[in-house]
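Please look at the sequence and the model shown below. The questions that follow go from the whole chain to single residues.

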Amino acid sequence: MKALAAGAMLMMAVPGVVSCEDMGVTPDVSVSEKSVSCEAGYRTVSVKASGKWLLSLYYMDGAEPWASLTSTSGRGSKSGIILTYGENPSEDSRSLRIILTTSDHDYAVTFTQQGQSSTDLPAADPKWLELPKLEQDEICRFYSHDMTVAGKRIRNYSFLWDRENLVAHWVAYPLNAGLIGDGKRTDDWGYDPEVPKEDQPVLFNGFSGGYSRGHQLPSADRYAGGSNPSTFYFTNMTPQLQSLNSPAWAGLEEKVRGWSKTADTLYVVTGCVIEGSTKKAYDNDGKAVTVPVGYFKALLWYNSHSTYSSRYMGAAFYVEHRSYGSITAEESMSIDDLEEKTGIDFFVNLPARIGSAAEAAAVEAQDPKDYSSLWGLN
């Protein structure tokens, strides 16, 4: 009730507000992650509206202010508003409400910061087919990004971020012609707005030590809906030898895009292996970043009109972190073999989606070299 009262007072302070409802837009306010750890950080807030609006923060249980917004008023829909919050020193969680006030109503979303004693971690949507088995702890955290295509808000990509080694163990994403879209490379290098800055490398000027900024989600995989800048977040980079990055790895990425255009959707997991690494690269502030010993791609091809043994077809690739002229059939393998090599359980939602554990197991056991008409490996 206090939150609604606070919002009502703010609403009275908005002169000449145009009713969003009257203009056919349903107002809404959202935050990129509703529950976060006890550490200081920031998240993005989005407003959907067509008239004037105000944003305010209401702290539950009468707590002292512990967060702030970069924008508290505007007109029309707006994204990229930053909610910044301090560390929660308490053992208990704390919550606030982000209140959107228009001419007629208040709209609110609750944001919770866990306490020092909490073991709760952000959860992945269990229905996303591209996701591996999610294993989080205080070092490795799950994050995801959205994008807007044809006016619809959809998932962009997800990743498991290692705040000590400063690389993502894997990046998972759906891929098809519509998600790729049309456009050009932005080179818009920057911090990931979902991850605390102190947990990211600073890579405006690249890595030191002779390594390139190697994308895990390729820039050319995301032009739709203005999504390309998200591929240049520092969390999407690993220190990669340029002699692997191009032409070999880039050539594999191009093949993956081609395969996606023959599918309804190609589900992709790109990742790196750091176990056993003894090498470090350094960011622009001198922070050490672990250099991977290898890279991989796990692919799940889906076509509702498939002429193959299943609507779902599987393939995987693993390369050592060294120079390659090209990536060929020699580096390909089954998803099962990649799981054994990396210790990651890929496509854990496939049995439920496909409706048969046995059929899902058969897909993950496929050797892509046996399906040359699809994968075209040599």
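Q: How many helices and strands are there in the protein chain?
A: This is a predicted model, in which local features need pLDDT of at least 70 and side-chain atom pairs count only at pLDDT 80 or more, while totals for chains, interfaces and linings use all residues. Residues are numbered from 1 along each chain as its sequence is written, and side-chain values use heavy atoms, with hydrogens and water left out. Helices (H or I, at least four residues) and strands (E, at least two) are DSSP runs, numbered from the N terminus. Counted in this way, the protein chain has seven helices and 20 strands.

Q: What radius of gyration does the protein chain have, and what would a compact globule have?
A: The radius is taken over C-alpha atoms, and the globule rule is 2.2 Å times the number of residues to the power 0.38. Because the chain has 378 residues, a compact globule would have a radius near 21 Å, and this agrees with the value for the protein chain, 23 Å.

Q: What percentage of the residues of the protein chain count as buried?
A: Buried means under 20% relative accessible area, exposed over 50%, and partly exposed in between (1.4 Å probe, protein chains only). Of the 378 residues of the protein chain, the buried share is 53%.

Q: In what order do the four strands of the open sheet stand, and which of them are at the edges?
A: Two strands pair if DSSP finds at least two bridges between them. The four strands of this open sheet pair in antiparallel fashion, in the order β1-β3-β7-β5. Each edge strand has a single partner, so one side of it is left without a neighbour in the sheet, and the strands in that position are β1 (28-31) and β5 (67-69).

Q: Which residue of β3 stands opposite V31?
A: Strand β3 (residues 41-48) runs antiparallel to β1, and four bridges join the two. The residue of β3 that stands opposite V31 is V45.

Q: Is V45 buried or exposed?
A: V45 lies in strand β3. Leaving aside neighbours within four places in sequence, V45 is in contact (heavy atoms within 4.5 Å) with residues including V29, V31, L55, L69, I81, L83 and I98. Its relative accessibility is 0%, so V45 counts as buried.

Q: Why do the buried residues of α6 line one face of the helix?
A: The buried residues of helix α6 (residues 357-365) are A360, V363 and E364. The arc is that of the directions from the helix axis to the C-beta atoms. Seen down the axis of α6, the buried residues line one face because they fall within an arc of 95 degrees.

Q: Which elements do the buried residues of α6 pack against?
A: Both strands and helices are among the partners of this face. They are β18, β19, α4 (335-342) and α5 (350-354).

Q: Where is N303, and which residues does N303 touch?
A: N303 is in the loop between β18 (294-302) and β19 (312-320). N303 is buried, because its relative accessible area is 13%. Not counting residues up to four places away in sequence, N303 touches T262, A263, D264 and R311.

Q: Is L166 buried or exposed?
A: L166 is in the loop between β11 (152-162) and β12 (167-175), and its phi is near 60 degrees, a positive value in a residue other than glycine. Most residues other than glycine have a negative phi. With a relative accessibility of 6%, L166 counts as buried.
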